[in-house]
Amino acid sequence: MTAKTYAILNYGCQMNESDAEHYAGQLQELGYKAAEDFHDADVVVVNTCCVRESAEKRILGKIGELKGVKANHPGQIVCVAGCMAQKDGEKLIKKHPQIDLLIGTAHVNGFKEILSEYLSEKGERVYNSLEVKESEFEGERIRQSGFSAWIPIMYGCNNFCTYCIVPYTRGRERSRDIESILNEIRDMHEKGFKEVTLLGQNVNSYSFEKEGETITFPILLDRVAKEVPDMRIRFTTSHPKDMSDDTLRVIAANDNICKFIHLPAQSGSSRILKVMNRKYTREWYLDRIAAIRRIVPDCAISTDLFCGFHSETEEDYQETLSLMREVGYDSAFLFKYSERPGTYAASHLEDNVPEEEKVRRLQGMIDLQNKLSEE
């Protein structure tokens with residue numbers, strides 16, 4: 001009998017990459033083998049992202065393509081997972097009848113049971129509640145690399161930036177038990193991995209209560225670094241409001257923590273940052289950059305920036321360019337604003353910067369960053 005096969009089509013952030021490893025692990029526990037081509041797979045998992053409109057359009061195109069694929073492969077199970085499944089719920093199934101299962105972000109590690117029940121014709125089709133599942137941090141996974149491993153330390157976000165969908169698709173912040181994190185890292189070390197990346201929507205707001213002690217991110221980072229001194233340690237993504245001197249001192253004190261910080265600014269204008277509900281000013285952000293330069297002087301710094309948000313003027317835009325020059329980022333992820341349904345901005349802040357102006361501003365940012373990166 002030929003083994004059943006699976007394919008995972010993954011989109012989006014590092015957290016989605018980590019979730020995709022969990023889906024693969026559970027499918028292999030059920031006896032499935034990885035297919036060479038998703039057209040031939042018995043189970044296809046589309047792990048979705050809805051942070052940006054461009055990603056959503058690509059994903060919807062792929063889901064549409066699967067209608068024809070499934071017609072040529074009777075019995076194929078199509079599962080749509082991740083943030084779009086969480087956000088759009090049954091609307092997706094009604095519009096795309098080729099979808100068999102819809103798995104929201106809180107049900108990643110229940111996938112094995114969900115699929116088994118569905119195949120036995122006892123299961124539901126839609127699992128997109130945000131009820132916290134204790135198992136979401138655990139479970140078998142198939143690492144995409146034998147060298148570098150993703151280690152989620154927390155899920156969700158409490159910041160509610162006005163443009164961002166993440167708190168609505170990933171839920172509120174919940175941090176993982178430090179012993180669970182250390183056990184996973186020990187396991188990676190024993191398996192020969194050379195590098196781990198600690199993951200979270202806002203990784204430096206990690207906080208876990210254990211035996212009367214509050215484990216903060218600097219404490220966790222130091223414990224991890226000392227646990228596996230011959231492994232490289234990275235972390236992403238940091239929020240500027242939570243980037244503390246304590247964290248920076250831990251980085252400086254441990255040779256195996258990579259001297260690299262991704263610190264998303266989003267805008268160089270304090271006025272726009274307030275409209276975004278980022279909870280810091282340009283001055284605060286630059287103070288954190290100065291602290292990095294002072295405490296970890298050889299540290300590389302990257303960022304996220306986007307242009308064209310509600311009411312952004314030419315003066316606001318020029319402040320973003322001046323921030324880029326002042327910091328001198330090693331690299332940057334640059335975007336133009338696309339309104340996301342379900343966010344505060346979509347309901348209350350008009351998308352009122354013309355598209356051609358967004359395109360012009362983005363190109364200006366790209367040109368400047370290419371010059372900075374080259375330098």
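H96 touches L60 and I63 when residues up to four places away in sequence are not counted, contact being defined by heavy atoms within 4.5 Å. In the predicted model, H96 lies in the loop between α4 (90-95) and β5 (101-103), where helices (H or I, at least four residues) and strands (E, at least two) are DSSP runs numbered from the N terminus. With a relative accessibility of 12%, H96 counts as buried, a class that covers relative accessible areas under 20%, whereas exposed means over 50% and partly exposed the range in between (1.4 Å probe, protein chains only). Residues are numbered from 1 along each chain as its sequence is written, and side-chain values use heavy atoms, with hydrogens and water left out. Because this is a predicted model, local features need pLDDT of at least 70 and side-chain atom pairs count only at pLDDT 80 or more, while totals for chains, interfaces and linings use all residues.

Three further buried positions were examined in the same way. T5 is found in strand β1 (residues 5-10) and, at 17% relative accessibility, counts as buried. Apart from neighbours within four places in sequence, T5 is in contact with Y32, K33, A35, D40, A41, D42 and V43. S205, in turn, is located in the loop between β10 (195-199) and β11 (207-210) and is buried, with a relative accessible area of 16%. The contacts of S205, again leaving aside neighbours within four places in sequence, are with M154, E173 and D242. Between S205 and N158 the separation is 47 residues in sequence and 9.5 Å in space, taken from C-alpha to C-alpha. V353 occupies the loop between α13 (344-348) and α14 (355-374) and is likewise buried, its relative accessible area being 6%. Beyond its neighbours within four places in sequence, V353 is in contact with G308, F309, S311, E312, K358 and R361. V353 and D246, by comparison, are 107 residues apart in sequence and 40 Å apart in space, C-alpha to C-alpha.

The packing of one helix pair was then considered. Two packed helices are described by the angle between their axes and the distance between the axes. For helix α1 (residues 14-29) and helix α5 (residues 111-119), the axes come within 9 Å and cross at roughly 50°, the axes being lines fitted to C-alpha atoms, for helices over the stretch in contact, with angles that run from 0 to 180 degrees between N-to-C directions. That angle makes α1 oblique to α5, since angles under 35 degrees count as roughly parallel, those over 145 as roughly antiparallel, those from 65 to 115 as roughly perpendicular, and the rest as oblique. Y23, Q26, L27 and E29 of α1 make the contact with F111, K112 and L115 of α5. By class, this contact of α1 with α5 has 4 nonpolar, 1 polar and 2 charged residues (nonpolar: Ala, Val, Leu, Ile, Met, Phe, Trp, Tyr, Cys and Pro; charged: Asp, Glu, Lys and Arg; polar: the others, Gly among them).

Side chains of opposite charge can pair when their charged atoms come close. With a salt bridge taken as a side-chain nitrogen of Lys or Arg within 4 Å of a carboxyl oxygen of Asp or Glu, the count comes to 30 salt bridges. E29 forms one of these with K112, the closest N and O atoms being 2.6 Å apart. This pair links distant parts of the chain, with E29 in helix α1 and K112 in helix α5, 83 residues apart. E29 counts as partly exposed at 42% relative accessibility, and K112 is also partly exposed, with a relative accessible area of 23%.

In a second salt bridge, R249 pairs with D246, and the closest N and O atoms are 2.8 Å apart. Because R249 and D246 are 3 residues apart in helix α9 (residues 245-253), they are separated by about one helical turn. Both count as partly exposed, R249 at 45% relative accessibility and D246 at 42%. D287 forms a salt bridge with R288, with 2.9 Å between the closest N and O atoms; D287 is partly exposed, at a relative accessible area of 38%, whereas R288 counts as buried at 8% relative accessibility. Elsewhere, salt bridges that share partners join E312, E314, E357, R360 and R361 into one network.
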